[in-house]
Amino acid sequence: MVQKTGCTEILQSLSHSDLCALKDTVTNKLTNIWTKEDVISVILNCSQSAEELLKRRKVVREAILKYLIRHDVSVPASLDKQRLIDKALFYWMQQEWKSKEAIDKAKHNLLAQIRKEESDQKVKQEIENVKTQTMLRELGKARKELEEARQKKDQLTRQVEEQRKKREEEQARRAEEQRKRQVAEQINRQLQEQMTAQAQDEAKRQLTMQMNIHLNITQSEASSQTVGDFDCQIIGEEFCRWFFILLNSQNPSFGRQPEEWGPQHFWDDAMLHFAYSVQEDKTEQYQSSTMVSQRLLSLVKDEELLFNPNISKNGMRCVTSPHGIVALAVAGTIHKNTQCVGIFEQLFGLIRTPIGGNNWKIKYVNLKVKALNGQLEIEQPSLSIELPALVAHLNELSVFIK
């Protein structure tokens, strides 16, 4: 009863908006009561204990401090909220003890008076005996209540100690987690720096001759040669270097500034056939330069994959036609972070643009991906598409320009 009275007084010092917010918290917004008295009553009835109520965020530290000062409880103004709650709970327990002591004293005085007044009369003596028995039962009940109060005090003391230990353990746990995070971040930074350095070294090694954004051949070659004059292997190598560096640069882990990727590298009616095997075989179809470029971009930007083509003779084949058509197939590995997560085989169909002697755009892409169980390193895969099949694809592409 003392705790309820004290909590009521503290709640009355809060603003009406804070009381309504607190009421919504303890009732999960199941009631719609707006008067201050009813709100306080609902909060008290729905709170499991005085301590649980005082720990609510809306019951601010200043309200508890002012309550203790009003009741002449000596408290330093610098105490935190948890210690103020402990002070309030201890103060209420003292008030309950004082109330029980007053009841015991009143009962004792009443018993003495009854005995004195009825000592000369037998009837009064019998009544006194009955009353004495009643009082004794009440005294026993009071002793039991006092014992329960002592047990509650001991339980509260143990709870306070357990909470203190839990806070210390939580602080230690957070400190350990922070240390582990710092170590993990340091390791990740080192791995990122190593990957960046490796990517830069590989790019410097491979890019002795880089194609421009539309596979432009150098001006001197463009003025004197046609596609039929070029060696197919050189065309394939240059295209693969240009395409996969451009695509991989959209992934921050590649360690290069993103280059200009977009639908401008594809014909307007370009097609993408995407087949992949992770847990089950799936296929996707896309048509239009925008859809094709966006789907390929999502592989490196959203799914954070990196494509490593095998541009050796075993990993790449290329055939051309006098009509400005190129069919190119390449195999390679797919990486994510520091692991090899799959292999791929990709077929490109390129058609020369009417503007510029040696500019090509992508007309057709057939991408097949097979997932692996995260491996750090595997041998570069060989191409499964043989030359006759590649020539057949070249003939199919020739239909587009007839």
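The chain's secondary structure comes to 11 helices and 7 strands; these are DSSP runs numbered from the N terminus, with helices being H or I of at least four residues and strands E of at least two. This is a predicted model, in which local features need pLDDT of at least 70, side-chain atom pairs count only at pLDDT 80 or more, and totals for chains, interfaces and linings use all residues. Residues are numbered from 1 along each chain as its sequence is written, and side-chain values use heavy atoms, with hydrogens and water left out.

**Exercise 1. State what share of the 402 residues counts as buried, and what share of the contacts with a separation of 6 or more joins residues 24 or more positions apart.**

Step 1. Set the cut-offs. Buried is under 20% relative accessible area, exposed is over 50%, and partly exposed lies in between (1.4 Å probe, protein chains only). A contact means heavy atoms within 4.5 Å.

Step 2. Read off burial. The share is 36% of the 402 residues.

Step 3. Read off the contacts. Among those with a separation of 6 or more, 62% are between residues 24 or more positions apart.

**Exercise 2. Describe the second largest pocket: its space, its lining and the helices that supply it.**

Step 1. Define the pocket. On a 1 Å grid over the protein atoms alone, a cavity is a set of points where a 1.4 Å probe fits but cannot get out; a pocket is an open set with protein on both sides within 12 Å along at least five of seven lines. Lining residues have an atom within 4 Å of a point. Points are joined across faces, edges and corners, and a volume is the space filled by probe spheres set on them.

Step 2. Give the volume. The second largest pocket holds about 500 Å³.

Step 3. Name the lining. It has 17 residues, and Gln3, Met93, Glu96, Ala149 and Lys152 lie nearest the centre.

Step 4. Assign helices. H4 (50-54), H6 (81-117) and H7 (122-206) each supply at least two lining residues. H7 gives the most, with 7.

Step 5. Sort by type. The lining divides into 7 nonpolar, 4 polar and 6 charged residues. Here Ala, Val, Leu, Ile, Met, Phe, Trp, Tyr, Cys and Pro are nonpolar, Asp, Glu, Lys and Arg are charged, and the others, Gly among them, are polar.

**Exercise 3. Work out which residues of H5 (61-70) are buried and what covers them.**

Step 1. List them. Ala63, Ile64, Leu65, Tyr67 and Leu68 are buried.

Step 2. Find the cover. It includes helix H1 (2-12), H4 and H6.

Step 3. Check the end. Just after H5, Asp72 takes a positive phi of about 60 degrees.
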